[in-house]
Amino acid sequence: MRQVSRVATRGVAGGRTAVSVRETLYARAAARAIPVKAVLELTKRCNLRCYQCYVADPGEELTSVRVMGVLRELADEGCLGVTLTGGEVGIRADFLSVAEEVKRLRMQLSVLTNGTVFDDDTVRCLARLKPARVAVSFYGGTAAPHERVTGVPGSFDRAVHTVHQLRGLGVSCRLHGVLLKETCGEFAAIAGLAESMGCDWRFDPSVGPAEDGDLRVVDHRVPVEWLSDFFQHPMVKGRTREHAASRHEPALYRSRATTCGAGVTAVFIAADGDAFACMGFPPAFGSVVEHPFAEIWRGPVAEAHREAMRQPLAECDRCELLRYCTLRCPRIAKVEDGDVSGPSKRACDLAAVVRGWREQLRDVG
């Protein structure tokens, strides 16, 4: 396993803060292109019918044998954490075996699920593996709005039941919400539900294109002008990157606003074996069905991507909104705006909203 995997241990032993350890780890990993984090999509199949789903139609899936091999290859390249996702990850019959292998290889395990397919035995087995976090998707704080999105009656109660079970067994859970224009007003109810169950919560205000580049999914994105109420809500205020960003000077915030680990310190491996910088970030680096992961990760397509990611974002660095910019996604910039190194209209619009409410707060103060 590559040397970067020992950085965190040395940092803790030396009494350094968690922030400095993390920064040191990722700086070293970025310099050597070590995939510290991996997202492994076990399947594109799902039992729900969410209308904003970004996952493409189901196709071929990696065999269990190849999945286990890929995990070993990731560990050999220095990977420290794997997130298992789908589709709905629990549909894969070998889900628990894969999760066990992640832990056996001494990588941190995280799971992203809709929370509706795990039976009691699966929950208990997963809890015994001590995952770092299980994130469960929620679209409403009650059944009606949630199930308008999922299209499946009973999916809300099953998800809540799964979270209660996991929390009862000591598993850290996060309620993961996507801000959709159809259910945007549910964010406070979801946050309240999370806190009532002892969970963390997080919202994504930028629905991205589908993994095959289809932009129709973006039609469900919350209009940026609606987000001011979200950021200023008492349950949200002070708890987002946008609040932190608005207090920094541009020079201090630039590195966070303009960099991304996709394809540099992170990798996404789709259910069919294609490896990408992140979900739906073209082009594919190659297929783990045809080649070892290391060969793909060190190959010409991946290296060309990293070279593009290292290019300075000159236009962004000159922008007066820089200190408020937190959601510039290279993938969205490339797929929606055509340039991985250029501005992202969605991020620019959001930064303008953040500046607006921040100036309002300053004037009131």
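At what angle do the axes of helix H3 (residues 64-76) and helix H4 (residues 95-104) cross? In this predicted model, the two axes cross at roughly 20° and come within 10 Å; axes here are lines fitted to C-alpha atoms, for helices over the stretch in contact, with angles running from 0 to 180 degrees between N-to-C directions. H3 and H4 are therefore roughly parallel to each other, a label for angles under 35 degrees, with over 145 counting as roughly antiparallel, 65 to 115 as roughly perpendicular and the rest as oblique. The crossing is right-handed, meaning that the near helix is turned clockwise from the far one by less than a right angle.

Residues are numbered from 1 along each chain as its sequence is written, and side-chain values use heavy atoms, leaving out hydrogens and water. Local features need pLDDT of at least 70 and side-chain atom pairs count only at pLDDT 80 or more, whereas totals for chains, interfaces and linings use all residues.

The protein has 16 helices and 9 strands, taken as DSSP runs (H or I, at least four residues, for helices; E, at least two, for strands) and numbered from the N terminus. Of its 365 residues, 50% count as buried; buried means under 20% relative accessible area, exposed over 50%, and partly exposed in between, with a 1.4 Å probe and protein chains only. Among contacts (heavy atoms within 4.5 Å) between residues at least 6 apart in sequence, 71% join residues at least 24 apart.

Returning to the helix pair, Val 67, Met 68, Leu 71 and Arg 72 of H3 meet Ser 97, Val 98, Glu 101, Val 102 and Arg 104 of H4. These residues divide into 5 nonpolar, 1 polar and 3 charged; Ala, Val, Leu, Ile, Met, Phe, Trp, Tyr, Cys and Pro count as nonpolar, Asp, Glu, Lys and Arg as charged, and the others, Gly among them, as polar. Within H4, Phe 95, Leu 96, Val 98, Ala 99, Glu 101 and Val 102 are buried, and their cover includes H3, strand S2 (81-85), strand S3 (108-113) and helix H5 (120-128).

Leu 71 also stands out in the largest nonpolar core, where, of 82 residues, Leu 71 and Phe 138 touch the most other members. Such a core is a set of buried Ala, Val, Leu, Ile, Met, Phe, Trp, Tyr and Cys residues joined through side-chain atoms within 4.5 Å. Leaving aside residues up to four places away in sequence, Leu 71 touches Leu 40, Val 82, Val 98, Glu 101, Val 102, Leu 105 and Met 107. Another core of 10 residues lies apart from the largest one, with Leu 48, Cys 50, Leu 180 and Val 207 among its members.

Helix H6 (residues 143-150) and helix H7 (residues 155-168) pack at about 110°, their axes 8 Å apart, which makes H6 roughly perpendicular to H7. Here Ala 143, His 146, Glu 147 and Thr 150 of H6 meet Ser 155, Phe 156 and Asp 157 of H7.

Arg 106, in the loop between H4 and S3, has a positive phi of about 65° although it is not a glycine, and is exposed at 77% relative accessible area. Ala 33 likewise has a positive phi, near 55°, but is buried at 4%. Finally, the peptide bond from Pro 282 to Pro 283 is cis, with omega near 0°.
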